[in-house]
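Student: I would like to learn how to read a model like this one. Can we go through it feature by feature?

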Amino acid sequence: IWVCACSTGQEAYSIAIVVNECLKNAGKNIEVKIFATDIDEKSIEIASKNQYPKSIKKEIPTKLFKKYFVEDGNHLSVLPEIRKQVVFAKHDVSKSPPFIKNDMVTCRNMLIYVNTVLQDKILSTFHFSLNPDGYLFLGSSETAHGIKQGLTEISSKWKIFKKSGVINYATFNTYNTQGRVVQADKKKTLSPEAPLTSVEKSFNKFITNDLGYVGVFIDKMYTIQEAVGNYRQFLELPDTKIELNILKMVPKPVSIVLNTALRKSWKELKTVHLTRIRSKKNGEDVYLNISIQPPNEDHPFTMIVFGESMTEIVAENEDHNLSMLAETHHGEYVFELEAELNETRTNLQMAVEEMETTNEELQSSNEELLSANEELQSSNEELQSLNEELHTLNTEHQLKIKELVE
Ligand SMILES: C[S@@+](CC[C@H](N)C(=O)[O-])C[C@H]1O[C@@H](n2cnc3c(N)ncnc32)[C@H](O)[C@@H]1O
């Protein structure tokens, strides 16, 4: 869950408590991670501190207060188990890459403060960051009108929406983050021919009418597992390095576009079509149509279908348009990488925080053990001195008995 514009943390903790309640009621034990972000560093500091004035007690239902809060001096705080579920971070949603693969994004009472262009860009970012069927939860006076084709309204009263369709991120300027550096061209690596088996059945199902197309099946590491048809016409084959990475077997501009489309297909679990992609066939310039089908119950690999666009003749001076196309895909690709990096960074932060807590717990257990040990030692000493006293008493008794007998 991503709680965007969380201010001083109340919303994030409320969501954590509600999630806990729902899971308990449903009898489920699922680990839920909550990323809570705000542009304002001071607010994030307050949120992380988890110390609120007692005056807010009246805003919390008594039953939940008893269950999830502790009072300490002048403050009240959520229980450590709730605190541990939330990671707070400073983040500007209008400029920084988003957190991805969320089942829910909440952003309440922030969009009302920005203009409609920025609203739509931010909404498109939320759409991008949601898993298919994920939920978007806005403030009561906010709307998701700008991206309505990508959402289904679940509750008009509570402003809850479900990600149900696609939107064109490029038109919302979603991929535009500041300070991005686009990677320079890398050296081409040529790859050898792979020993391929036939998966004609699955391939034929996908192309039916378009004979002459080429199907390549890859795994999530981009490695070719199978190929059907005369794949040599579209893939650059053997030279030096033994590698079956599809991205290294197609010309560089195709590689960038293909990579972006593959990631999109994997993310949205949908077939993606690319048209008019300029490439080489048997050394000559051609336009390609490429379709990508993610793994499904029929086959565990991703199917890529290459076909030459029959109606197109490559214009000699179209390089400008094509480089613009490549740039757009570059932007999209870099944006996705940045978002993934963002997620990895947050996971790392979460792991570090968990480790710190475990460390603190271990330290306090250690201290408890040490003090128990000291107590045992002093009890032992007391027992020893008692033993000595008993010993003396015994000797005295024995002497007395001896005297009496005599
Ligand atoms: C009115 S508060 C809403 C707080 C909370 N969501 C609620 O409903 O109680 C708006 C918050 O949006 C944050 N904000 C404004 N612009 C932002 C941006 N570009 N990225 C992230 N947070 C932003 C502000 O710092 C502020 O904490």
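**Reading the model**

Tutor: Start with a hairpin: E9 and E10 form one, with 4 residues between them. Lysine 159 in its turn has a positive phi of about 55 degrees. This is a predicted model, where local features need pLDDT of at least 70, side-chain atom pairs count only at pLDDT 80 or more, and totals for chains, interfaces and linings use all residues. Residues are numbered from 1 along each chain as its sequence is written, and side-chain values use heavy atoms, with hydrogens and water left out.

Student: What counts as a strand, and when do two strands pair?

Tutor: Strands (E, at least two residues) and helices (H or I, at least four) are DSSP runs, numbered from the N terminus. Two strands pair if DSSP finds at least two bridges between them. Here strand E9 (residues 151-155) pairs with E10 in the antiparallel sense over 4 bridges. Leucine 151 has lysine 163 in E10 as its bridge partner.

Student: Which other strand is joined to E10, and by how many bridges?

Tutor: Strand E8 (residues 130-138), antiparallel, by 3 bridges. Phenylalanine 137 stands opposite isoleucine 160 in E10. E10 itself (residues 160-163) has Phe161 and Lys163 on its covered face, Ile160 and Lys162 on its uncovered one.

Student: In what order do the strands of the open sheet run?

Tutor: The order is E3-E5-E4, with antiparallel pairing. Strands E3 (52-53) and E4 (69-72) are the edges, each pairing on one side only. E4 is joined to strand E5 (residues 75-78) by 4 bridges. Aspartate 72 faces histidine 75 in E5.

Student: How do I check a helix?

Tutor: Compare spans: the expected one is 1.5 Å times one less than the number of residues. Helix H1 (residues 10-26) has 17 residues, so it should span 24 Å; its end C-alpha atoms are 24 Å apart, which agrees. Buried means under 20% relative accessible area (1.4 Å probe, protein chains only). Among the buried residues of H1 are Tyr13, Ile17 and Leu23. Glycine 27 follows H1, with a positive phi near 65 degrees.

Student: Which residues are closest to the ligand?

Tutor: Ala5, Glu11, Asp38, Asp92 and Asn109, out of 14 that surround it (a heavy atom within 4 Å). For polar contacts, look for N or O pairs within 3.5 Å. A ligand nitrogen lies 2.7 Å from a side-chain N or O atom of aspartate 92. A backbone N or O atom of alanine 5 is 2.8 Å from a ligand nitrogen. Taken alone, the ligand exposes 610 Å², and the protein buries 72% of that (Shrake-Rupley, 1.4 Å probe).

Terms used:
A polar contact is a pair of N or O atoms within 3.5 Å; within protein, one must be able to donate a hydrogen and the other to accept it, and residues adjacent in sequence count only if both atoms are side-chain atoms. Buried means under 20% relative accessible area, exposed over 50%, partly exposed in between (1.4 Å probe, protein chains only).
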